[in-house]
There are 2 protein chains.
Amino acid sequence: MDTIKIFCPATIANVSCGFDVLGLCLESIGDEMIITKTNEKGVRITAITGADLPFETEKNVAGVAALALIEKLQPDYGFEIQIHKKIKAGSGIGSSAASAAGAVFGINYLLDNPLTLKELIPFATEGEKLASGTAHADNVAPALLGGFTLVRSYEPLDVISIKAPEELYASVIHPQIELKTIDARSVLRENISLKKATIQCGNLGGLISGLYTNDYELIGRSLHDELVEPVRSILIPKFKELKAAAKAEGALGGGISGSGPSVFALSKGRETAQKAATAMAAVMQDIGVPFEVHVSPINPTGIKILP
Amino acid sequence: MDTIKIFCPATIANVSCGFDVLGLCLESIGDEMIITKTNEKGVRITAITGADLPFETEKNVAGVAALALIEKLQPDYGFEIQIHKKIKAGSGIGSSAASAAGAVFGINYLLDNPLTLKELIPFATEGEKLASGTAHADNVAPALLGGFTLVRSYEPLDVISIKAPEELYASVIHPQIELKTIDARSVLRENISLKKATIQCGNLGGLISGLYTNDYELIGRSLHDELVEPVRSILIPKFKELKAAAKAEGALGGGISGSGPSVFALSKGRETAQKAATAMAAVMQDIGVPFEVHVSPINPTGIKILP
């Protein structure tokens, strides 16, 4: 096969209590990419729709990730990449990660999968580095692997896949304000109390236990971010009201998606997730900020090959 | 039944990356307690062997826990408690927790179990408060519930039981130096970097994932304490050497048991655990500090009723 068309899913990083370690994969929103093997070596971005992104390979997230992988694999071929964005840049649901993950997935596939999906993560994070300044893996890992992912360690990179309970759904609202990852990082406090760290550990442990045991109530009780949400949520209009509205409709809990401005809620069952999304939309409508909402099951497999 | 004889197991709190949230239950070391229902109301400590502990109910860890439970249940009976200590006070393997947990377990049992084991935890922590100044639950919870326990939250108390992989064994060495919990707490830094907290969260998540998936290697990789061990281990002679000796024999990893001075290692299989214990013993023998060693499977059930 010389061409592959793939669906590159949006992702939610952090997932409340899992700052910089947890991520999850969405199913109902994602980009499409078409990657083609060429005799001419190198990587060329040949089409971009849905977003105003650079065509120069070295300035494009997908291009940088592709170059990092090619540097490693030294294939006898080159690659052309078409990027059809559906995930808005700066939305906080892994737009750049989808492109970076898609590029390495596609190239690896066209080379008969010399690397495993986990082994692709560090190359995709090279793309992330271009987008956000840090090579974080909490969006590219769930985009590649599906389900929930835990970055146990960065040095060395050690990513654990965790299956999501089947009835777990995410509701996401994206208030269309500009909030750069770099700005969202700058509000974080460099030091925190040991007590708060302990509370965070308890909740992270609870969330992971809930995922393994399909205990939705425990997942809900654990969706509490002691470290980042208190400071970062100030940058998101009506954050508290959004979260409260979702919970009032039966959502298990929620938080900031990645570094924002998107806000997510998790629910048991599609119906509750839909109600939570509608309630969050009403809050945003009230203040007149344009927004998008998404309701999605947790995507169990990550990037998919399209016919 | 008017009398119950129970085995009250030793426990390891913190378990490296689980500072103040994780604990595990041991099987091969523990106290014995005999609790008897009496017509005379109140709680009396009628026998103590193996340790020099106060007989006055209000000054005895088991007595205080018993009184807290009786205050709640208001039974028509009183109770006599015999405590036969095998776990050394100040060893860091939950000596006071065993007594506190045993007292509330026994009384609850003799009253036909009006409370669940989880519901007993807060009464047992009242005893812990007397011993260490803080009402921590990370020893009493595993003593009562067995296996691993995660204290997801203290306010409100929310404890999660996690089954241990069947071949997981603990090796414990107790260097017989005095190290009070209060002193071990005083070396802790009140503030830590967000980066270190994130590393801790990654490892805690990894350890919990490893427990659910019986992934011994992942358990081993996750036994890394970023927050407490670096400062607290200074108080324990030859800490680094103890840990290295256990790992050289194939142990998965280890750390400080509770607030020390005991040091533990976890291994896959009894044979490796025995070798790790022998290697740690050799380190301690070299410096002439008296010590005890224990090798134990993880106790799946906690406190046991003896014939």
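A polar contact is a pair of N or O atoms within 3.5 Å; within protein, one must be able to donate a hydrogen and the other to accept it, and residues adjacent in sequence count only if both atoms are side-chain atoms. This is a predicted model, in which local features need pLDDT of at least 70 and side-chain atom pairs count only at pLDDT 80 or more, while totals for chains, interfaces and linings use all residues. Residues are numbered from 1 along each chain as its sequence is written, chains are lettered from A and ligands numbered from 1 in the order in which they are written, and side-chain values use heavy atoms, with hydrogens and water left out.

I turn to chain A. An automatic or database domain assignment divides chain A into domain 1 (3-163 + 300-306) and domain 2 (168-297). Between these domains of chain A, 30 residues of domain 1 are in contact with 38 residues of domain 2, contact meaning heavy atoms within 4.5 Å.

How many residue pairs are in polar contact across the interface of domain 1 and domain 2 of chain A? The rule finds 11, with both residues at pLDDT 80 or more.

Lys88(A) forms a salt bridge with Glu292(A), with 2.7 Å between the closest N and O atoms.

Notes: A salt bridge is a side-chain nitrogen of Lys or Arg within 4 Å of a carboxyl oxygen of Asp or Glu.
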